[in-house]
Each structure stands twice: as structure tokens, then as C-alpha cells.
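Colleague: I have just opened this one and would like a walk through it. Could you take me along, one part at a time?

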Amino acid sequence: MSRSHFVPSLVALTLSASLAAMTASAQDAKKPAPAAPARTQPLGGLSEEEFAKLHTLKEGEAPPAKGTMVALADGSKAYLTLPEHAKPGLPAVVVIHEWWGLNSHIKYWADRLTLTGRAALAVDLYGGKSATDRKTAGELMQAASKDVPKAVATLLAARDFVKKDPRVAATKIGSIGWCFGGGMSLQLAIAAPDLDACVMYYGFPVDDPAKLAAIKAPLLGIWGNKDAAITPAKVDAFDKELTDAKVAHKFFRYDAAHAFANPSNDIYDAKSAADAFEKVKAFFDEKLPVKAPAKG
């Protein structure tokens with residue numbers, strides 16, 4: 001594995017090991033549970049099976065996508081969507097998928113962001129693949145989590161794209177992600193001191209003080225108090241670590257479970273998700289302001 005300064009955090013290593021076991025456990029589901037201790041660390045305090053149960057893909061497709069697929073400098077593809085009548089000089093948001101991958105629901109999330117007047121670029125950290133079942137999702141997430149430097153390179157390529165592409169020519173850039181993507185949104189903030197805003201929905205925290213100290217972007221965290229993986233205690237600890245690292249941040253907590261805010265999830269909590277999105281929009285309005293159209 002690369003020994004560059006984008007070394008995977010302990011969280012990422014735990015994530016990779018746990019999802020490897022998740023894949024194996026799905027294949028061995030009919031076998032008696034071993035008496036010996038688990039071969040890997042649990043994910044967020046949960047077994048692999050328990051973590052997988054937090055995600056159930058909702059049936060049905062999202063509304064038709066309005067954007068287009070584009071190529072990034074690292075060779076990956078991404079989904080670019082722009083506000084209606086957009087002109088260059090937009091603020092932009094890098095959108096990072098949860099464990100299912102860049103599916104129609106994530107593209108719809110990106111399209112929703114354009115209604116706020118911002119460009120949105122949804123990355124693909126799974127190499128063109130997405131999942132409709134937990135086993136495949138776990139395998140894809142495991143593979144991406146094993147090579148955090150590669151994922152971060154894609155995120156930095158996305159940042160560069162919205163800066164340089166003449167359709168966008170971004171003046172301010174933020175990021176947003178859910179679960180796996182929430183953790184990767186944090187990784188982008190660590191890797192890109194020029195990022196202007198970072199939103200992470202129930203993403204796995206980083207507890208390395210040196211890495212957190214590298215963050216210059218203000219951070220907005222959205223959490224569920226019923227989240228069995230990223231518990232309120234873990235959120236409390238992360239809150240303190242960010243404060244100690246002098247990272248400007250706001251946290252909002254909801255009486256909801258993990259993955260509550262993504263409509264692709266079967267446990268989607270519409271009321272909490274709507275309120276959280278209002279908080280996100282207000283945060284972006286402050287950190288990624290949209291210029292008022294010139295009066296004719």
C-alpha cells in the first residue's frame with residue numbers, strides 16, 4: 001500500500017477488515033457460529049451482519065437524472081449536474097455516495113443540490129460499479145476502503161474538475177457524503193485545506209489529532225441518536241477531538257437510526273431528513289454563497 005501522506009486511518013483499516021469478514025460471513029451464513037472470538041474488529045462496535053442490516057436498499061428508481069457523466073483526471077467517471085441557466089463562477093459541491101455506490105438515488109441527491117443554485121459533482125469510488133444487494137455493496141465498499149489514497153485521489157480530481165471545467169469554474173467548493181461517503185467527505189477535508197465546507201452524514205470519524213488539525217474547512221455533522229454503529233458516545237468523542245484540533249464545526253442530532261437521511265434506504269426518516277437538509281442548505285448558504293443574478 002502507498003506510503004504517501006494519505007495513509008489510511010485506523011477507522012479505514014477497521015472498515016476494510018470488517019467488510020472483508022462481512023463478505024465471508026454472507027457465504028458461511030448456514031454454518032454454526034464459531035466459538036472463538038471474531039477474526040476482525042467489529043465495525044463501529046457492531047458485527048458485520050449487524051452493520052449490513054443497517055442498510056436495506058429501497059425498491060424503485062429515483063427520478064430521471066438531469067446531469068451528465070464526465071471524466072476526471074484520475075481516470076474515474078463522475079456525474080455532473082448544473083442549476084438551470086447556470087453560468088460559470090458557481091459554488092460547487094462534491095457529492096460522495098454511501099455504500100451502494102453512484103446509483104440513481106445519489107444522482108437525484110446531486111440534482112437536488114442544484115436547486116440551491118450550486119453545481120454538484122457526484123463521484124464514483126467503486127470504479128463504475130454499484131450494488132443492489134448487501135453482499136455486493138459490502139465487497140465494493142471493502143475494496144474502496146482498502147485503498148484510501150486512491151479514493152482521496154478521486155476526490156481531489158473532483159475538486160480540480162469543478163475548479164477548472166468552464167461550465168462550473170467554481171468559486172467555492174464543499175463536500176457532502178453519507179455513511180461511507182460521510183467518512184470520505186471528512187477525508188477530503190483533511191486532504192484539501194482549500195475546501196470551503198464539509199458535510200458528513202453519520203460518517204466514521206477520524207481520531208488522529210494531527211489529521212484533524214489539517215482541516216481548514218468548517219464541518220457540519222449530521223447524526224442519528226439511534227445509530228448503533230456511530231453511537232452518541234462516539235459522536236461526543238469526535239466533537240471533543242474537533243474542538244481540541246480547533247476545527248470549526250456544528251453537529252445536529254436526530255432521533256433516528258443510521259442511514260436515516262438517504263431516500264435510497266428502506267429506513268429513510270423523511271421528517272428528520274427534511275430538517276437535516278434544511279440545516280445543510282443553511283450551512284452551504286453561509287459557506288458557499290450563491291451570487292444573486294444580475295438585474296437587467
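Modeller: Let us begin with helix α9, residues 270–287, whose 18 residues reach 25 Å from the first C-alpha to the last, close to the 26 Å expected at 1.5 Å a residue; that expected span is 1.5 Å times one less than the number of residues. Helices (H or I, at least four residues) and strands (E, at least two) are DSSP runs, numbered from the N terminus. Please keep in mind that this is a predicted model, in which local features need pLDDT of at least 70 and side-chain atom pairs count only at pLDDT 80 or more, while totals for chains, interfaces and linings use all residues. Residues are numbered from 1 along each chain as its sequence is written, and side-chain values use heavy atoms, with hydrogens and water left out.

Colleague: Which residues of α9 are buried?

Modeller: They are Ser272, Ala273, Ala276, Phe277, Val280, Phe283 and Phe284, where buried means under 20% relative accessible area, exposed over 50% and partly exposed in between, with a 1.4 Å probe and protein chains only. These residues cover an arc of only 130° around the axis, which puts them on the same side of α9; the arc is that of the directions from the helix axis to the C-beta atoms.

Colleague: And what covers them?

Modeller: The cover includes the strands β3 (92–96), β5 (173–178), β6 (197–201), β7 (219–224) and β8 (249–254), together with the helix α3 (104–114). Helix α9 lies across β3, β5, β6, β7 and β8, and runs at about 170° to β6, with contact meaning heavy atoms within 4.5 Å. For such angles, axes are lines fitted to C-alpha atoms, for helices over the stretch in contact, and the values run from 0 to 180 degrees between N-to-C directions.

Colleague: You mentioned α3, so where does Leu113 sit?

Modeller: Leu113 is in helix α3 and is buried, with a relative accessible area of 0%. Leaving aside residues up to four places away in sequence, Leu113 touches Val93, Val95, Arg118, Ala120, Ile176, Phe277 and Phe284. Leu113 and Lys281 are 168 residues apart in sequence, yet their C-alpha atoms are 8.5 Å apart in space.

Colleague: Switching to the sheet, what is the strand order?

Modeller: It is an open sheet of eight strands with mixed pairing, in the order β1-β2-β4-β3-β5-β6-β7-β8, and two strands pair if DSSP finds at least two bridges between them. The edge strands are β1 (68–71) and β8, each of which pairs on one side only.

Colleague: How many bridges join β5 to β6?

Modeller: Five bridges join them, and these two strands run parallel, with Gly177 standing opposite Met200 in β6. The chain goes from β5 through helix α6 (residues 180–191) to β6 in a right-handed β-α-β crossover, right-handed meaning that, with the strands pointing away from the viewer, the path from the first strand over the helix to the second runs clockwise.

Colleague: Why is β6 described as largely enclosed?

Modeller: Five of the five residues of β6 are buried, so the rest of the structure largely encloses that strand. Ala197, Val199 and Tyr201 are buried on one side, and Cys198 and Met200 on the other.

Colleague: What about β7 and its partners?

Modeller: β6 and β7 pair in the parallel sense over four bridges, and Leu219 in β7 is the bridge partner of Cys198. Six bridges join β7 to β8, again with parallel strands, and the chain passes between them through helix α8 (residues 232–244) in a right-handed β-α-β crossover.
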